[in-house]
Amino acid sequence: MSGELVGRERESGLLAARLDQARAGRGGLVLVAGEPGIGKTRLVQEAAAGAEALGVPVAWGRASDEEGSPPYWIFRQIARDLGRALPPALAEGGTATDRFEAFEAFAAQLLAAAEPDGLLVALDDLQWADAASLALLVHTVRSAARSRLLLVATYRDTETVGREALTSALAALAHEAGQTRLRLVGLPTADVRRQLELVTGETVRPEVAAVVSRRTGGNPFFVGELAGLLDSGVDALPDGVLDTVRARLARLTARTRELVATAAELGSEPDPCGLAAVTGHALDVVLGALDEAAAAGLVVSRPGWRFRHDLIREAARADLPTAARADAHARLAGWLAGRPGAAERATEIAHHLLASAPVGDPREAAEWAERAGDQSFERLAWEQAADLYRRALDIGAPPDPGDRGRLLRRHATALTRDGDIQSAKAILAKAAEAAREAGDPAALGEVALAMEGLSDPWGDFSGDRLAAEALAQLPAEDSPLRARLLALRAGEAGFAGGEDPDRASAEALAMAERLGDTQVLRSALRARQMARSGPDGVHERLELAERMAALGRSEVDDDTLLWGLLWRFDALMMLGRLDEAEALLGPMRRLSDRLRRPLARWHYLRGVAAVEATRGRFDAAIATVRDCLGLVEGRAHESVVGVSVFVLLTIDGLTGREDLVTAEQFEAFDRNSPGFVRPVYGLYWAQRGDLERARRILHPADGEALAQPALLPTLATRAELAALMDEPAVAADMAARLRPHADLFVTGGAGTVTNFGSVRTYLGLALATSGHLDEAVRELRLGVAANDTAGAPPFAALARFELAKALARRRRPGDLAEAAALAATAIAAAERLGMAPLRRRATELAAGLRGDAPAGLTPRETEVAAHVAEGLTNKQIAALMHISERTAESHVQHILTKLGLANRTGIAAWAARRG
């Protein structure tokens, strides 16, 4: 660094202040953003010089845009500056738990290095950092706020599009304490003039500075490049910095131009030995050319050779012919592959071989890319692994179907680890075809298992079908693969219905226990949990959850432990033990943070949203569900997205907000939603008076076997629909099905996303609709008590409203007074919780109980009520009143709700009493 830093007084002052805070124990992160050449690095260099003057150590790391750079490259440089090494797991590989512990260890190293005087860590060009490095940065920042560590990171905010890892990291950092953001913009004209005078050593006229300022936008790099051309006159200034760089290149000798162009193509940091090997020139010739380029201001030599600016490098390689570029990459790859330690440089070699197409050997490029992908996968850099596998397939997919299938499976597995399930599904379909072509049932089985626990009940990828196909060809004796495939089939049958999941899951679990294989046991426990996901299996699922969690602890496997806690959460929610379920959210959050997988985070958040909605914290639940959608939209399969939208639908129904679900999401539900979702979706429209649409939605589900995990929500919702549609026979059927589970709560048994409160509420509603008012009152009283005890205020309020309606219909001595009191309590609760539909319905019921004329009925509804009393059908009423049959049906439903009645007979009796 040399010369005066022009301008940037405010930014320099802020960095100095943040350094003082860090030295006092209040560290953190400063993010410096701006376009290329705006002065981000120069600003940080100035801050680093200030730190060193105060005795604060400084460590530098710079990300590279070279695709061959290894994972954690930016932090490898930091570790080297500090005389340390990255933790072994980040170099040698391991599990997700190993990655978390390695992150913790490296963050601890930095915090220790910051004592007692502080430490400034500069991270330059973050936009090129690999996803694994960005994850490590986020992890480190979370520990820095109460330390003496100050991290200062620069990135080009003009190059964030398409860089999902960067944008995700920036979003995560935005929520961390102790972080500050700076965005550098162009220098004002006065500072441009000052910079021009410093560079030229001459006085610059204001009008010349104004033209330069306008042409460069105040970008210091552009200003500096153009300063040397001022003597040619302002009108002769080139249109861009590329022309300036080309002019400098033209002044070099032909040999140096060739070497500089080749070096620029191969990377931002020229290696003289590698450049000599590629070009065939002697090393002293290469060094002389680099010296000449340094004298021209194109490269610098300390520390190591590098281009002075990336824009210079881009301009230098722009005119290199395509064939020459490809040949240079092929030669450098060959040279690197023949050197000691080539295996550790697999990513770099793969990059050059991939870039050598079409000159290089595509098979060799694919082999090295696969090798580099395996290395990245082992080091937990799943994003980079997936990209390398993809490129290996693109450039030279192995002709042998077995090898091709293996590579496709690895690609898909890396994508699933990174949360991109949609892409993985398409790739696994190709892997299945390759396995069939190879006649390899074991490979076909591995394809099925690649999506274990992730099959999509809304989509077209089914591990069950592939597992059945593989099992039919595999030997019948016990084997880990056979046991896992049996478990997969049993688990899917437990969800979607199929051949005796209870028996099949028990068989898979017994085989797993005979084999003594922990991986097989995990699969078998998962299958058994799914097979027992109905309400009958809730107590067994608690035992399975404890076995799964114990397995995770003994194997030090966070993923397995998280599943154990998730299963326990689901079971506790069904048992109505909400406080115990909510207490699990903290441990689940810590595990999902350590795993750093989008789906792990999604599972934790769906639990949070379920608790928030059940407690009546609807705003918090909505925000959490939207966080869930942000994690999975466009990446996970439709069911993961669909259940998040399903939760918004239920909250919409409870609150009446009507703005939570988009038109596109409604269209997706109309087009493709499984049978277990349709009752809730139909209820949503029925509650809004659109019974015709509700019936259309429900019709395809008629006669379908009920999915066991969603049995209670399906039965409870169907009971509500029977009440709305005046279907006493259906209501009686629902009451019979709900009665055995009266002590449970209405929630799913595998992946709880909602909890609709005590089963007794819906049992009581079904009994009331079918005319059994005494039993209905008894069950509804118990439902109120169960919801109050569990701490589910929205559903306690709904139970009180339904109890008030039942009492108003029964009309025994004291019933009407109690109904009025219950309605008033429901109104108050609905007001407090923001449940507008309940408030409206309870208010209308209270008005009817007071005898207000006539219970809030409109004149039109009063007329319809009179026609119902005359025995007319909806079709006859519609013809008589010149309205549609659908409108007549809606009027009847509104009348039933307002009067607290169950059916048309009740309306007739009410009309008779009024005379």
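Helix axes are lines fitted to C-alpha atoms over the stretch in contact, and angles run from 0 to 180 degrees between N-to-C directions. In this predicted model, helix α18 (residues 362–378) and helix α20 (residues 401–417) pack at an angle of about 35°, with their axes 11 Å apart. This briefing also covers two cis peptide bonds, at E115 to P116 and at A357 to P358, then the backbone at R8 and D125, and finally the surroundings of E779.

**Packing of α18 and α20**

- The two helices, α18 and α20, cross in a left-handed sense.
- On the α18 side, the contact is formed by E370, D374 and F377.
- Helix α20 contributes R406, L407, R410, T413, A414 and R417.

**Cis peptide bonds**

- Most peptide bonds are trans.
- The bond from E115 to P116 is cis, and its omega is near 0°.
- P116 is located in the loop that runs between α5 (96–113) and β3 (119–124).
- A cis bond also links A357 to P358, with omega near 5°.
- P358 belongs to the loop between α17 (346–355) and α18, the helix that packs with α20.

**Positive phi angles**

- Most residues other than glycine have a negative phi.
- R8, which is not a glycine, has a positive phi of about 65°.
- R8 is placed in the segment before α1 (9–23).
- Because its relative accessibility is 9%, and buried means under 20%, R8 counts as buried.
- D125 likewise is a residue other than glycine with a positive phi, here near 60°.
- The position of D125 is in the loop between β3 and α6 (131–144).
- D125 has a relative accessible area of 5%, which is under the 20% limit, so this residue is buried.

- E779 is part of helix α40 (residues 773–790).
- With a relative accessible area of 8%, under the limit of 20%, E779 is therefore buried.
- Leaving aside residues up to four places away in sequence, E779 touches R760, L763, G764 and L767.
- With R760, the side chain of E779 makes a polar contact, side chain to side chain, at 2.6 Å.

Key:
Residues are numbered from 1 along each chain as its sequence is written. This is a predicted model: local features need pLDDT of at least 70, side-chain atom pairs count only at pLDDT 80 or more; totals for chains, interfaces and linings use all residues. Side-chain values use heavy atoms; hydrogens and water are left out. Helices (H or I, at least four residues) and strands (E, at least two) are DSSP runs, numbered from the N terminus. A crossing is left-handed if the near helix is turned anticlockwise from the far one by less than a right angle, and right-handed if clockwise. Contact means heavy atoms within 4.5 Å. Buried means under 20% relative accessible area, exposed over 50%, partly exposed in between (1.4 Å probe, protein chains only). A polar contact is a pair of N or O atoms within 3.5 Å; within protein, one must be able to donate a hydrogen and the other to accept it, and residues adjacent in sequence count only if both atoms are side-chain atoms.
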